[in-house]
Amino acid sequence: MTTFEIEPGRLFIGGRWHDAADGARGEVVDPSRGTVLTTVAEAGPADVDAAVRAARETFDAGHWAGLSGRERGRILHRVAELIRANADELAELESLDVGKPITLCRAVDVTNAANDYEHYAALAHCLDGATRDTPLNALAYTRREPLGVVAAITPYNFPLILAGTKLAPALAAGNTVVHKPADETPLSALYMARLLQEAGVPDGVVNVVTGTGPVTGEALLRHPGVDKVAFTGSTTVGRHVAGVAGQALRPVTMELGGNAAHLVFEDADLEKAVGAVIKAFVFNTGQFCMAGPRLLVARPVYATLLGILAEAVPGVPVGDPRKPETVVGPMAGERHLRKVEEYVELARREGGRIVCGGERLDLDGGYYYRPTVIADLPNDSRAVQEEIFGPVLTVQPFDSEDEAVALANSTPYGLAAGVQTGSLARAHRLADRLQAGIVWVNDWAMLDPAVPFGGVKDSGFGREYGPEALASYTKVKSVVVSLD
Ligand code: NAD
């Protein structure tokens with residue numbers, strides 16, 4: 001492992017590094033050891049105001065929106081190249097900050113962040129309008145224009161990727177941004193500020209304000225200079241954010257919580273299905289909005305699949321995220337570990353049978369929890385219905401396709417769903433019937449910037465990725481020119 005100083009730990013406003021006006025700083029903890037890694041500035045209302053003003057002035061001056069899409073795309077391409085050139089350091093930083101296995105950080109987080117910028121670099125000059133046929137004696141056409149200043153608020157679990165899913169399309173469309181990363185995992189956002197500047201993104205286009213949700217996030221959310229709020233986080237906070245933005249009549253995108261069902265039918269390739277089932281609930285230590293923590297299994301293969309899981313899950317390598325063989329690292333923070341413990345205790349009280357796991361793993365003072373499989377829970381138990389957000393899988397049997405669909409759609413969430421089946425007809429039937437923003441067939445978590453994702457029901461609205469995300473950072477203007 002290389003060692004590097006985690007600097008500057010300050011706010012990035014107008015292309016310069018600043019301390020918070022009141023000097024406030026917050027601690028960042030290494031979740032694999034429970035020790036303080038470093039501190040970063042905590043932005044107060046005055047700092048947020050300075051960041052929004054910088055973004056506003058830069059937008060109004062046309063330093064970014066005034067470039068052609070192709071020129072913006074060229075700069076965003078450079079961002080992707082710089083992410084790849086600094087992949088090792090970025091992966092180490094993300095691993096230290098979030099507790100993610102280093103192998104995962106390289107293969108998933110860094111790779112996808114680079115892909116995000118590359119994808120939207122390519123789309124930056126595809127922001128075209130349309131001509132409209134009308135009975136008017138006029139030429140009528142539409143233009144797609146940037147919205148202005150985007151407030152991007154991101155969660156703790158995929159800091160680098162989820163910043164990219166917002167910044168890349170917002171920048172491609174010509175907006176300026178104030179990014180508030182999660183207070184627990186802000187380091188890659190600060191690193192990226194440096195890379196964006198190095199790539200040639202003009203000062204003031206991207207501003208980063210670190211700090212807490214109630215202080216920094218709230219100040220940003222309520223700032224009158226913000227034209228759009230792009231939020232990813234919990235459903236509880238999302239409801240509040242959408243309410244405030246609604247009062248201000250600002251557009252929002254809401255990427256919220258999930259509790260996806262993973263359906264295994266008796267005609268599935270069970271060996272392959274088991275791999276997908278395990279990946280779906282242990283990936284990123286279960287701290288994945290699109291995880292598959294609710295396994296629904298056709299009765300004829302229920303006992304067999306439970307038996308395979310009981311043997312296979314305890315063999316998943318849990319431990320030090322710095323070791324290349326580690327698949328499951330610690331939870332990203334102590335509060336997340338405690339939440340998982342509370343849900344597993346609740347599941348026991350609700351009648352759940354712990355098939356494996358069900359306890360912490362004592363290692364180096366870190367926030368580790370053993371991957372856990374729980375059977376025999378009734379569908380209305382809280383451990384089934386609510387988002388646990390840890391490496392916990394509940395398993396329920398079903399007797400018909402209709403029952404499987406009813407169980408799958410029975411929670412308030414609707415972010416993702418998965419189907420394991422050998423029947424093409426069943427796969428398409430279920431893709432139609434499952435209430436989710438994305439449905440995977442015969443695998444899990446297949447994601448790409450070209451494919452939109454997002455929620456229905458309490459999982460939110462709006463889409464990230466794809467041309468859909470780019471469009472959501474624009475407004476349509478109609479122009480009608482008289483031909484008289
Ligand atoms: P969170 O809602 O606690 O925080 C998300 C962000 O909002 C953080 O930056 C936080 O500081 C900020 N925030 C908190 N209070 C705020 C306020 N009053 N005003 C403005 N900002 C405020 O979420 P979290 O615990 O960081 O992340 C986990 C949650 O995010 C899970 O529910 C997960 O499902 C969800 N998530 C969803 C997606 C998706 O794409 N749908 C992706 C990742 C995570």
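This is a predicted model: local features need pLDDT of at least 70, side-chain atom pairs count only at pLDDT 80 or more; totals for chains, interfaces and linings use all residues.
**Entry 1: a cysteine to start with**

I began at C105, which is buried at a relative accessible area of 0%. For my own record, buried stands for under 20% relative accessible area, exposed for over 50%, and partly exposed for what falls in between, with a 1.4 Å probe and protein chains only. Residues are numbered from 1 along each chain as its sequence is written, and side-chain values use heavy atoms, with hydrogens and water left out.

How many disulfides does a search of the whole structure find? I got zero, taking a disulfide as a pair of cysteine sulfur atoms within 2.5 Å. C105 is in no disulfide, and the nearest cysteine sulfur belongs to C289, 16 Å away. I looked up C289 too: its relative accessibility is 18%, so it counts as buried.

**Entry 2: the whole chain**

I counted 15 helices and 22 strands in the protein chain; these are DSSP runs numbered from the N terminus, helices being H or I of at least four residues and strands E of at least two. The radius of gyration is 23 Å, close to the 23 Å that the globule rule gives for 484 residues, so the chain is as compact as a globular protein of that length. That radius is taken over C-alpha atoms, and the rule is 2.2 Å times the number of residues to the power 0.38. Along the principal axes, the C-alpha atoms fill a box of roughly 75 × 60 × 40 Å.

I then asked what share of the 484 residues is buried. The figure is 57%. The accessible surface comes to about 18800 Å², and carbon and sulfur atoms hold 52% of it; the areas come from the Shrake-Rupley method with a 1.4 Å probe, and for residues only the protein chains shown count as cover.

For contacts I used heavy atoms within 4.5 Å. Of the contacts between residues at least 6 apart in sequence, 73% join residues at least 24 apart.

My charge count gave 45 positive and 61 negative side chains, with the centres of the two sets 3 Å apart. Lys and Arg count as positive, Asp and Glu as negative, and His and the chain ends are not counted. Each charge is placed at NZ of Lys, CZ of Arg, CG of Asp or CD of Glu.

**Entry 3: two positive phi values**

Next I looked at backbone angles. L249 has a phi near 55°, a positive value in a residue other than glycine. L249 sits in the loop between α8 (235-247) and β11 (252-255). Is L249 buried or exposed? I found it exposed, at 74% relative accessibility.

N442 is not a glycine either, yet its phi is positive at about 60°. I located N442 in the loop between β20 (438-441) and β21 (460-461), and its relative accessible area of 28% makes it partly exposed.

**Entry 4: two buried helix residues**

I picked L190 in helix α6 (residues 187-199). L190 is buried, with a relative accessible area of 3%. Which residues are in contact with L190, leaving aside its neighbours within four places in sequence? I listed G9, R10, W17, V40, V208 and T210. G390 is 200 residues from L190 along the chain, and their C-alpha atoms are separated by 27 Å.

P169 belongs to helix α5 (residues 159-172) and is buried at 0% relative accessibility. Beyond residues up to four places away in sequence, P169 touches, among others, Y120, A469, L470 and Y473.

I went on to E468, in helix α15 (residues 466-472). E468 and P169 are 299 residues apart in sequence, and 9.6 Å apart in space from C-alpha to C-alpha. E468 is partly exposed at 39% relative accessibility. With neighbours within four places in sequence left aside, E468 is in contact with P452 and R463.

My last stop was A450, in the loop between β20 and β21. A450 counts as partly exposed at 39% relative accessibility. Not counting residues up to four places away in sequence, A450 touches H119, G466 and P467. A450 and V274 are 176 residues apart along the chain, and 27 Å separates their C-alpha atoms.
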